[in-house]
Amino acid sequence: MGHREFRSGLATVIYDDEMVGSDCEKLFHDDWLKENTGCTSLQRGTAVMFEYRGLGLVFKRYHRGGLIGRIVAKTYRYRRLKNTRVWREFHMLHAMRELDLPVPRPIAAHCLGVPPLVYRCAVITERVPDSQNLTEILCESALDNEQWEKLGALISHFHNLNVFHADLNASNILLTGRGEFYLVDFDKGAICTPLSRQNAEANVSRLRRSLDKLQGIHPSFHFSEENWQALTSAYQRTIQYN
Ligand SMILES: Nc1ncnc2c1ncn2[C@@H]1O[C@H](COP(=O)(O)OP(=O)(O)O)[C@@H](O)[C@H]1O
Ligand SMILES: [Mg+2]
């Protein structure tokens, strides 16, 4: 497979040439997206799903949270491309797929530099077909303990391969109709050699906090202590600390 990189004006694009062509830069333009996704507001950091040449794709623009985020909107301080969050996430997704980890295939990334001070960027991944995130699923129905165990074992598998997910919440876990879990949203994540026990445990407690929070918000959120026991016992059985 080939990753190709090119510049066009102030933009730099990287893309997977087995999936799209060099004309994929247009996919990052607001006008194209609005016309082809039916999505009118691309301002906030929400993922946008769309079809392109028979591919199901997901567009995500990087955004900053908090007050400063609102003021500077889509612009960041300019940094070297390789150190940008979007470039890192693109390459990290690729590296994880090489390890056969269940993550979306990265399709293209785009960085708009206005040197020396600002840039904005976005990434496109392949949509995991027939999937919903865990927040959506648990609002509607329960998973059985076997599925919670499967998820616990999958998280430890990522950790055994030194993957740190910076924000492992329920919305960043997908489950397909065939019962396969995927992890998404590796913004600020890293492949650490080695991954510390502290970071690994931080991922697991981040997930617990997210599930507790959702349970507080949604009256019939399907999550129990027994489910958590199933997840953590499978995790503990399979994690390898060196
Ligand atoms: N490749 C993908 N396939 C299917 N759904 C996805 C994919 N990427 C993201 N999503 C969905 O979009 C949501 C937001 O995407 P995410 O990458 O988590 O961005 P952010 O949380 O920064 O807005 C996810 O919670 C998930 O439901
Ligand atoms: Mg997310």
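A crossing of two helices is left-handed if the near helix is turned anticlockwise from the far one by less than a right angle, and right-handed if clockwise. The crossing of H5 and H7 is right-handed. The model is predicted, so local features need pLDDT of at least 70 and side-chain atom pairs count only at pLDDT 80 or more, while totals for chains, interfaces and linings use all residues. Residues are numbered from 1 along each chain as its sequence is written, and side-chain values use heavy atoms, with hydrogens and water left out.

The protein chain has 7 helices and 12 strands. These are DSSP runs, numbered from the N terminus: helices are H or I with at least four residues, strands E with at least two. Of the 242 residues in the chain, 48% are buried. Buried means under 20% relative accessible area, exposed over 50%, and partly exposed in between (1.4 Å probe, protein chains only). Among contacts in the chain with a separation of 6 or more, 64% join residues 24 or more positions apart. A contact means heavy atoms within 4.5 Å.

Two packed helices are described by the angle between their axes and the distance between the axes. Helix H5 (residues 145-160) and helix H7 (residues 225-238) have axes that come within 7 Å and cross at roughly 35°. Axes are lines fitted to C-alpha atoms, for helices over the stretch in contact, and angles run from 0 to 180 degrees between N-to-C directions. Residues of H5 in the contact include Trp148, Leu151 and Ile155. Those of H7 include Ala230, Leu231 and Tyr235. By class, the contact has 8 nonpolar, 7 polar and 3 charged residues. Here Ala, Val, Leu, Ile, Met, Phe, Trp, Tyr, Cys and Pro count as nonpolar, Asp, Glu, Lys and Arg as charged, and the others, Gly among them, as polar.

The structure holds 7 aromatic pairs. Rings of Phe, Tyr and Trp (its six-membered ring) pair if their centres lie within 6.5 Å; planes under 30 degrees apart count as stacked, over 60 as edge-to-face and the rest as tilted. The ring centres of Trp32 and Tyr52 are 5.7 Å apart and the planes stand at 80°, so this pair is edge-to-face. Trp32 lies in helix H1 (residues 30-37) and Tyr52 in strand S3 (residues 48-52), so the pair ties together parts 20 residues apart in sequence. Trp32 is buried at 16% relative accessibility. Tyr52 is buried at 6%. Phe223 and Trp228 also pair edge-to-face, with centres 6.2 Å apart and planes at 85°. Both Phe223 and Trp228 are buried. Trp32, Phe50 and Tyr52 form one aromatic cluster.

Charges also sit over rings (NZ of Lys or CZ of Arg within 6 Å of the ring centre and within 35 degrees of the ring normal). Lys60 lies over the face of Tyr62, 5.3 Å from the ring centre. The charged end of Arg197 sits over the ring of Tyr241, 4.1 Å from its centre.

Most residues other than glycine have a negative phi, and most peptide bonds are trans. Thr193 and Pro194 are joined by a cis peptide bond, with omega about -5°. Pro194 is in the loop between strand S12 (190-191) and helix H6 (197-217). Asn162 has a positive phi, near 70°. Asn162 is buried, at 18% relative accessibility. Asp185 has a positive phi near 65°, and is partly exposed at 24%.

How values were computed
Chains are lettered from A and ligands numbered from 1 in the order in which they are written.
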